[in-house]
Amino acid sequence: MAFHTNYHTQGLMFNEMRSKTKCMMKPIESLNPADFPDWSYDGSSTGQAKGNNSDCIIKPVRVVPDPIRGAPHLMIMCEVLSPDGEPHPSNTRAQLAALINDKVEAEAPLFGFEQEYTMLAKGTGNVLGWPEGGFPAPQGPFYCGVGTNSVYGRPLAEAHMEACLAAGLTISGINAEVGGAGGEGRACRTARAGQRLQGSACRGL
């Protein structure tokens, strides 16, 4: 048995991700997206389709090992297609892919993206390290900070970085953010940087 977590962005709201997990009785031993079947979901429940024709297709475009569950489980990034097989209007990845050709790739352009996040305390939902019902001291010691007085949750931030690398997601590094319990990771490398960053956000990566 293998779990294939298919994830994609909705595209209608900022950074809104969706996922479905498929239970595979016989694991697919490949990281080639072409070896994985398309799937679908109800687009009327996400504001992407009307109820009388609501199927949205998710097509695999990148496959990486699942660093949380381990082998043989996988994470599969998908793009969204309309029922006719054409890219859905919310599919901005397809718009970018249409611009990338061998000539563009030969220039080796670099794009940098940051994925910022805030860690919450288990059980309470409060921002990690913040006073109960209050706020931390004014920013200053937190950004790129070190030490337990300035940075909260560093072990989790480093575990996040290691999980990204274990999944084959190329990131250039991490640092603490301005709120003490925040962090950010960066992805750089041509047009694929965006999908690497989406992978880092899926399932807490």
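Predicted model: local features only at pLDDT ≥ 70, side-chain atom pairs only at ≥ 80, totals over all residues.
I take helices (H or I, at least four residues) and strands (E, at least two) as DSSP runs, numbered from the N terminus. Residues are numbered from 1 along each chain as its sequence is written, and side-chain values use heavy atoms, with hydrogens and water left out.

**Entry 1. Overall layout**

I looked up the elements and found four helices and eight strands in the protein. Their order from the N terminus on is β-β-β-β-β-α-α-β-α-β-β-α. For accessibility I call a residue buried under 20% relative accessible area, exposed over 50%, and partly exposed in between (1.4 Å probe, protein chains only). Of the 205 residues in the protein, 38% are buried.

**Entry 2. Helix H3**

I next turned to H3, which has 13 residues. From first to last C-alpha H3 reaches 18 Å, close to the 18 Å expected at 1.5 Å a residue; the expected span is 1.5 Å times one less than the number of residues in the helix. Which residues of H3 are buried? They are Ala157, His160, Ala163 and Cys164. Seen down the axis of H3, these buried residues fall within an arc of 125 degrees, so they line one face of the helix. The arc is that of the directions from the helix axis to the C-beta atoms. As background, an α-helix has 3.6 residues a turn, so residues three or four places apart point the same way. Pro155, Glu162 and Ala166 are exposed on the other side of H3. After H3 comes Gly168, which has a positive phi near 85 degrees.

**Entry 3. Cavities**

Grid points are joined across faces, edges and corners, and a volume is the space filled by probe spheres set on the points. The structure holds three cavities of 30 Å³ or more.

The largest cavity has a volume of about 90 Å³. Its lining has 13 residues, and Val151, Arg154, Ala157, Asn175 and Ala176 lie nearest its centre. Helix H3 (154-166), strand S7 (173-176) and strand S8 (182-188) are the elements that give two or more residues to this lining. For classes I count Ala, Val, Leu, Ile, Met, Phe, Trp, Tyr, Cys and Pro as nonpolar, Asp, Glu, Lys and Arg as charged, and the others, Gly among them, as polar. On that basis the lining of the largest cavity divides into six nonpolar, five polar and two charged residues.

The second largest cavity has a volume of about 60 Å³. I list His4, Asn6, Lys22, Met24, Ile28, Phe36, Pro37, Trp39 and Ile76 as its lining.

**Entry 4. Cysteines**

How many disulfides are there? With a disulfide defined as a pair of cysteine sulfur atoms within 2.5 Å, the count comes to zero. Cys164 is buried at 0% relative accessibility, whereas Cys144 is partly exposed at 43%. Cys144 lies in the loop between S6 and H3. I also note its positive phi of about 55 degrees, although Cys144 is not a glycine.

**Entry 5. A cis peptide bond**

The peptide bond from Ala71 to Pro72 is cis, with omega near 5 degrees. I place Pro72 in the loop between strand S4 (55-65) and strand S5 (74-81).

**Entry 6. Pairs separated along the chain**

Val61, in strand S4, is buried at 17% relative accessibility. Val61 and Ile76 are 15 residues apart in sequence, and their C-alpha atoms are 7.4 Å apart. Ile76 also belongs to the lining of the second largest cavity.

Phe113 lies in S6 and is partly exposed at 33%. Its C-alpha is separated by 9.6 Å from that of Ile171, 58 residues apart along the chain. Thr118, also in S6, is exposed at 53%. Thr118 and Gly153 are 35 residues apart in sequence and 9.7 Å apart, C-alpha to C-alpha.

Technical notes: 1 Å grid on protein atoms, 1.4 Å probe; cavity = no way out; pocket = protein on both sides within 12 Å on 5 of 7 lines; lining within 4 Å.
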